[in-house]
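Open the model in your viewer and switch to a cartoon view. Keep the selection tool at hand.

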Amino acid sequence: MREATVPQDVDPTLEGLEPEALWARFDEIRRIPRPSRHEERIRCYVIAFAEKHGCETVTDEAGNVVIRVPPREGCEGAPTVVLQGHLDMVCEKDAGTEFDFFEDSIQLRREGDLLLARGTTLGADNGVAVAAGLALITDPPRLHGPLELLFTVDEETGLNGVRDLDPSIVTGRLLLNLDSEDEGTFTVACVGARSSELNLPIGWEPSPLPAEAFRVRLAGATGGHSGGDIHRGRVNVLRALGELLGQVEGVRIATVTGGSVRNSIPREAEAVVLADPIVLEELAADARQRLGKDHGETDPNLALTVERLDQPPPRVFDGETARNLLTILSRVPLGALSMSEELPGMVETSCNLATVRTGESDVEILCSVRSALESERDKVVDEIASLGRAHGAAASAPEGYPGWRPDMSSPLLAKAIEVYRRLEGKDPEVVGVHGGLECAVLGAKIPEMDMISFGPDIANPHSPSEQVSVGSVRRVLGDYLGALLQELAAN
């Protein structure tokens, strides 16, 4: 296993922030590369930190880690509380930002109460949870019972680490998931999800000559989380690009590429095409006006550019391939498809057109489908498959993961609300989220687990605009978490 080493000096951006121990751990975490499926160094770090401070650790075959923190004196009989977060982060960067997520440290910046990164995702999702757990080892509350810090791997690509979790390494039956992103909100339900992939075979033919070639590019979209932000009306650049090209009579397509990861609303997309320059420019001007009208508030930095290329590509899609691709891009289900009746305000079913890649032999189209109802989720997956097959594409879809149904009679929820009310003088909001939480899989593996999820204010996760409120971290993962652990130990 590759060792993770971090310098001891805290980044000046974090100086003076509270809780001090939490931010010191976050500073160390942000220096360690931790893309999904490449958590070796961060896993090595958390294990080494725990063992240095006398805590037992156990790792399962999937790479998930449990750190057992002994109780405070006199609290040995208290129930074991599991605090849970994930080790990996979404790796997104702005166009033009030079950054290697496998080698470089996240660079921090502050804007008042907000902590951000320079041109990349920050990794507060879910680095602040990991930091909060480790901080409890060296800076615990006055009282707490036995703790288990459950740090999972490969969460961001489909909850894969927790899906492969060996449940025998977790002994506690009260679980605090620290992967929510709205202060004052307790999450008690989430949706399940499946990916849907279409592979459209490409019929190639030589580029007709003479021809003028262009790179058509949409960039600067807001993007965001394909679950939590899917209802906000933000532009999907893959759909917008497909609709534009579908209007260009006689367009010949060489490549279409866009999106980066399954669980992010795509922010950038481009196509290399052969087209009449006058027709293309006129339609591009119309598209700019329409996109500005429809998405000016949600995507203020969206830009559509048409760049003339010096030479045409040697080959393009044949007419049938191009028509099939543009039809799929324009007709695949998109956005929030239905709302929940059980939890008002929660999106029930959605679909994100996530990525498109042009390869040597086919175009790969990946969609992420989410729903609180397994039957509705699978219905949308089947609809995508039928659309793809009707236009010459092969379709596939992994099994996905389940949803998490609410338990409004939960004793843990009641105690969490009581402590919050005492600290804040008001009740928290109890909600379900249109995103995948590891609680759903944990609940399926350990049915007797009593769970809630909460966390500090984090905006724009999964994008380079990700930001976390440092004041909210202090209140939620410092003051409130400490008070809740004390109450659970005292009772």
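Predicted model: local features only at pLDDT ≥ 70, side-chain atom pairs only at ≥ 80, totals over all residues.

**Stop 1: α2 and α3**

Select residues 40-52 for helix α2 and residues 124-138 for helix α3. Their axes lie 10 Å apart and meet at an angle of about 15°. The cut-off for roughly parallel is under 35 degrees, so α2 and α3 are roughly parallel to each other. The crossing of α2 past α3 is left-handed. Now show side chains. From α2, the contact uses Y45, V46, F49 and A50; from α3, V130, L134, I137 and T138. Sorted by class, that contact of α2 with α3 holds seven nonpolar residues, one polar and no charged.

Stay on α3 and pick N126, which sits in this helix. What kind of peptide bond joins D125 and N126? It is a cis bond, with omega at about 10°.

**Stop 2: α9 and α11**

Next, select residues 411-424 (helix α9) and residues 470-490 (helix α11). The two axes come within 10 Å and cross at roughly 125°. That angle makes α9 oblique to α11. Here the crossing is right-handed. On the α9 side, show L412, K415, A416, E418, V419, Y420, R422 and L423. On the α11 side, show D479, Y480, A483, L484, E487 and L488. This contact of α9 with α11 has nine nonpolar residues, five charged and no polar.

**Stop 3: the cysteines**

Select C351 and C367. How many disulfides does the model contain? The count is zero. C351 is in no disulfide, and its nearest cysteine sulfur, that of C367, is 4.4 Å away. A disulfide needs the sulfurs within 2.5 Å, so the sulfur of C367 is too far from that of C351 for a bond. Is C351 buried or exposed? C351 is buried, at 0% relative accessible area. C367 is buried too, at 1% relative accessibility.

**Stop 4: loops**

Go to P210, in the loop between β10 (204-206) and β11 (213-219). The peptide bond between L209 and P210 is cis, with omega about 0°.

Then pick L159, in the loop between β6 (147-152) and α4 (160-163). L159 is not a glycine, yet its phi is positive, about 60°. With 2% relative accessibility, L159 counts as buried.

Finish at H462, in the loop between β22 (458-459) and β23 (467-469). H462 is not a glycine either, and its phi is positive at about 75°. H462 is buried, at 3% relative accessibility.

Methods: Residues numbered from 1 in each chain as written. Heavy atoms only, no water. Axes fitted to C-alpha atoms, helices over the stretch in contact; angles between N-to-C directions. Helix = DSSP H or I, 4+ residues; strand = E, 2+ residues; numbered from the N terminus. Parallel < 35°, antiparallel > 145°, perpendicular 65-115°, else oblique. Left-handed = near helix turned anticlockwise from the far one by under 90°. Contact = heavy atoms within 4.5 Å. Nonpolar A, V, L, I, M, F, W, Y, C, P; charged D, E, K, R; others polar. Buried < 20%, exposed > 50% of the residue type's maximum accessible area, 1.4 Å probe, protein only.
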